Amino acid sequence: MDYDIVVIGGGPAGLSFACSMFNQNIKLLLVERSSVESISDPQQDGREIALTHQSRKILYGLGVWSLIDEDEVSLLKEAKVYSGSSDSLLDFDAKKSSIEALGYLVPNYLIRKALYERVLQAKNVDIVTGVSVEDVNTSNSGAEVALSDGKTVKTRLVVAADSRFSEIRRKMGIPSLMKDFSKVMIATRMEHEKGHNHVALECFNYGHTLALLPLNGNVSSVILTVSTEDAKEILSLSKTKFNEMATEGFEQKLGQMKQIGERHSYPLVGVYAQKFRATRFALVGDAAVGMHPVTAHGFNLGLKGQDLLSLAVKRALDNGLDIGSDEVLRDYERKHINFSRLMYFGTNGIVALFTNDTSAVKQIRKLVLKFANRFPPVKALITQQLTESKKSNLIPF
Ligand SMILES: Cc1cc2nc3c(=O)[nH]c(=O)nc-3n(C[C@H](O)[C@H](O)[C@H](O)COP(=O)(O)OP(=O)(O)OC[C@H]3O[C@@H](n4cnc5c(N)ncnc54)[C@H](O)[C@@H]3O)c2cc1C
């Protein structure tokens, strides 16, 4: 074999898995189709990733957390959910659980930069950039990965982290459930007059959703979810108009708001692969589970999934077993399905409940929020998930 493992895709999930294999007794090749600059020096992309305590722990264990500038990490201390013009109907507060924060907000480009920096320190990992994987052929005895530069790499295990629209997943014959929400998420950084006290807001207004993630200083990430047809108009609004829209959207709670970052847009499509493995082949990251961002769980799940796969691979290495065997991959798949299924379908349920504006559904969602807020076990489970999850998998933001 040329390499023991080939990872397809140098996004956050692929890089995390490569970090998990840091200085193991195996050779790993990571293939990324975009340029070296795009992964060594990624640019701001408008995504502020809300990391759970568990994700922070995984990143810490990978030696990645210490490579992120701590001044860029913002504490998420409280989260409030609103429906229409009602007062906050659901409120999660770190203070009530005697913890520092519900979660940690870190700009996506800094996570990617730190992951890449860490991978470069691994002696057993090679990276090729500007080359894509064109095809994968696997059998019980081994796998071959065809690259766009004409080379073929022989390996024992192929790990695909090539995005929610994974071409390799399709080529390997793995079907997936896809949900096109016909919505676009627009994210940008804004400055505001008043402090946010590190409280995140999610306002399910009628026709669109407005969210605010508190960053350090009087700065927040503002995220607007709108229909595809409205997105073009909002993206082309002047800064003055956009500022007015945000200021009024948050009912002046933060005073005058001013856009200070670029506006980035993301079409919303959810994906759940029907299998996470095939012969000598595993899916991780969005290629396995591509979440709607409303519960802010995409990368958290990607990190957990790659962690589960790396533990299965390390166990096989310790016991002298074949790292690409069905037994190893079945173990990963079973655990990751258990961890992700409720989260994925639960999130889609939340989206359905909160974006349907018929009056009956509006009433139901108010009742659901009030019930969740007044029924301590529900809140406790959600807070547990954010902070050091035990049972529940659903979190707001
Ligand atoms: C607006 C927004 C907000 C979000 N907020 C949060 C949040 O708060 N918390 C959270 O946990 N998650 C959040 N997410 C989700 C998170 O950003 C994603 O889950 C994560 O980026 C997925 O990483 P990935 O590596 O699986 O895929 P990607 O980032 O899509 O990377 C895939 C990589 O594979 C490469 N590639 C593709 N095909 C090939 C090929 N054939 N050969 C070689 N390379 C290939 C691509 O070039 C790319 O670099 C958010 C997402 C959005 C859109």
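Visitor: Which elements do the buried residues of H4 pack against?
Guide: The buried residues of H4 pack against H1, helix H2 (36–40), E3, strand E7 (103–107) and strand E8 (125–129). Keep in mind as we go that this is a predicted model.

Visitor: Which residues of H4 are buried?
Guide: In H4, these are Ile111, Arg112, Lys113, Ala114, Leu115, Tyr116, Arg118 and Val119. The word "buried" calls for 20 or more other C-beta atoms within 10 Å of the residue's own, and each of these residues of H4 counts as buried.

Visitor: What makes the span of H4 close to the expected one?
Guide: Helix H4 covers residues 108–120, which is 13 residues.

Visitor: What makes E9 and E10 a pair?
Guide: Same test! At least two bridges are needed, and six join strand E9 (residues 133–139) to strand E10 (residues 142–147), running antiparallel. Asp135 has Ala146 in E10 as its bridge partner, and Thr138 has Ala143. Two residues link E9 to E10 in a hairpin.

Visitor: And which strand does E10 pair with over four bridges?
Guide: That is strand E11 (residues 152–160), again in the antiparallel sense. Ala143 turns up here too, with Thr155 as its bridge partner in E11. E10 and E11 form a hairpin with four residues between them, and Gly150 in the turn has a positive phi of about 95°.

Visitor: Why is Ser163 called partly exposed?
Guide: Ser163 has 19 C-beta neighbours inside 10 Å. A buried residue needs 20 or more and an exposed one has 12 or fewer, so Ser163 falls in between and counts as partly exposed. Ser163 lies in the loop between E11 and H5. Its phi is positive, about 85°, although Ser163 is not a glycine.

Visitor: Is Glu251 buried or exposed, and what makes it so?
Guide: Glu251 has 10 other C-beta atoms within 10 Å. The exposed class takes 12 or fewer, so Glu251 is exposed. Glu251 sits in the loop between helix H7 (239–249) and strand E16 (257–259). Its phi is near 50°, a positive value in a residue other than glycine.

Visitor: Why is Phe299 called buried?
Guide: Phe299 has 25 other C-beta atoms within 10 Å. The cut-off is 20 or more, so Phe299 is buried. Phe299 lies in helix H8.

Visitor: Which residues is Phe299 in contact with, leaving aside its neighbours within four places in sequence?
Guide: Phe299 is in contact with Pro12 and Ile49. Phe299 and Pro12 are 287 residues apart in sequence, yet 7.5 Å apart in space, C-alpha to C-alpha. The contact itself goes by C-beta atoms, which must lie within 7 Å.

Visitor: What surrounds the ligand?
Guide: A shell of 34 residues, and the closest are Gly9, Gly11, Gly285, Ala296 and Gly298. Among the elements giving two or more residues are helix H1 (12–20), strand E2 (28–32) and helix H8 (298–318). H8 gives the most, with four residues. By type, the shell divides into 15 nonpolar, 13 polar and six charged residues.

Conventions: Residues numbered from 1 in each chain as written. Predicted model: local features only at pLDDT ≥ 70, side-chain atom pairs only at ≥ 80, totals over all residues. Near = placed C-beta within 6 Å. Nonpolar A, V, L, I, M, F, W, Y, C, P; charged D, E, K, R; others polar. Expected span 1.5 Å × (residues − 1). Contact = placed C-beta atoms within 7 Å.
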